[in-house]
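Please walk me through this structure, step by step, as someone who is meeting it for the first time.

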Amino acid sequence: MSEPLTILPVRGIPQVRAGDDVGALVVTALRAQGERLRDGDLLVVTSKLVSKADDLVPTTDDRAALVLAESDRVVSERATSTGTTRVVAALAGPVMAGAGIDASNTGSSDLLLLPHDPDAAAAGLRAAVVGAWGEPVRVGVVLSDTAGRPWRAGLTDFALGLAGVRGVDDLRGRTDSEGRELAVTVRCLADEVAAAADLVKGKLDGVPVALVRGLDGLVVDGPGTRARELVRSGPEDWFALGRAEAVRDALGVPAGSPLSESCGIESVHPEPLADRIARAVRVALADPAVRRGGEAGVGATSDGDRVELRADDPVLLGRAWARVEVALAGERLVGERLPDADGHGLDGHGADGVVRLRVRER
């Protein structure tokens, strides 16, 4: 019979400072509470310990700039009461809010960055633990961090870095209890271990490490699964951009850019309809080919729930009209064409070179 699953908090680890040997600190804490490392044990270590030991402290406290610097791309951004919050594809690998930059339990530092190669950090920590233990032992290391998930409230821990761990269980091709072949089931064991370990860890209790015992089948002699392999990217990423960001990107206003800032960013708080309309118009006319820059440009005004576009060139007017409709859709709004001054409705652009729209919620 296999050993039962046990998850133990590792207490007594002191405040980590730059240059500390985290592996030695973990081993000392284990011995102090009478625990011996066994073959097949897993250590789940909060990534903040590595960030502190590696002195991953930014040289600026401009958090918004740091988030952009620590990311490959911006997935979504929203204005909040304290600034702009961005969900990004972090240089560390995962997609997460604020690039994982942390301001809690950071010791003497205001902010801490994530290691850019968490798998290498986990491998280094694994070697340090084995070295500090002083005798051969087959252990796995999960470097954990905390993040939210789309469509789910609250936060959970996940595997940011892995060393010596089989991180997935691919059940595709096998059959369920009723004989049906499994086609898509790939369990992310590494994330399950990280989340389970957080039940005995925690920011408030000051317990940054957990010992997981009874999952020796997940511990391998080699490097094992890389946590970066667990991040869906490229064609597998169905959610590379948020709703508003996908529309704005198509109109040439990419998230995280100065142009996005100047056009205005959707707020997490309720906004007046007029403000949303005005932002959509700015996004639509961000294209230099349509915004007014000379006699051939397009002029636009918005007032309340009305938008008016003017241009002498009917082609430019039509292009601007189409872009405004798309930008409004990105704000979950729709524009309805109003009759021209001469009474014409939806047929043509109107003899006066003007398109007038009434805007409403979708």
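K201 is buried, with a relative accessible area of 5%; here buried means under 20% relative accessible area, exposed means over 50%, and partly exposed lies in between, using a 1.4 Å probe and protein chains only. This lysine has a partner in D198, and their side chains form a salt bridge with N and O 3.8 Å apart. The term salt bridge stands for a side-chain nitrogen of Lys or Arg within 4 Å of a carboxyl oxygen of Asp or Glu. D198 is partly exposed, at 29% relative accessibility.

Before going further, please keep in mind that this is a predicted model, in which local features need pLDDT of at least 70, side-chain atom pairs count only at pLDDT 80 or more, and totals for chains, interfaces and linings use all residues. Residues are numbered from 1 along each chain as its sequence is written, and side-chain values use heavy atoms, with hydrogens and water left out.

Let's stay with charged pairs for a while. Side chains of opposite charge can pair when their charged atoms come close. In this model the count comes to 27 salt bridges. One of them joins R138 to D221, with the closest N and O atoms 3.9 Å apart. R138 sits in the loop between α4 (118–133) and β6 (140–149), while D221 sits in the loop between β10 (209–213) and α6 (243–250), so the pair ties together parts that are 83 residues apart in sequence. Those helix and strand names follow DSSP runs, numbered from the N terminus: helices are H or I runs of at least four residues, and strands are E runs of at least two. R138 is partly exposed at 26% relative accessibility, whereas D221 is exposed at 66%.

Another salt bridge brings D169 and R187 together, at 3.6 Å from N to O. This pair links distant parts of the chain, with D169 in strand β8 (residues 168–170) and R187 in strand β9 (residues 186–188), 18 residues apart. D169 counts as buried at 18% relative accessibility, and R187 as partly exposed at 36%. Salt bridges can also join up into a network, as they do among R78, R243, E245, E266 and R332.

What about links between cysteines? A disulfide is a covalent bond between the sulfur atoms of two cysteines. With the cut-off set at a pair of cysteine sulfur atoms within 2.5 Å, a search of the whole structure finds zero disulfides. C188 is partly exposed, with a relative accessible area of 22%, and C263 is buried, at 4%.

From S262 to V283 the C-alpha distance is 9.3 Å, and the two are 21 residues apart in sequence.

Now turn to the strands. β6 pairs with strand β7 (residues 152–163) in the antiparallel sense over nine bridges, where pairing requires at least two bridges found by DSSP. Within this pair, L143 stands opposite G161 in β7. The hairpin of β6 and β7 has two residues between the strands, and there W151 takes a positive phi near 70 degrees.

The axes of helix α1 (residues 22–32) and α4 come within 7 Å and cross at roughly 50 degrees.

Methods
Axes are lines fitted to C-alpha atoms, for helices over the stretch in contact, and angles run from 0 to 180 degrees between N-to-C directions.
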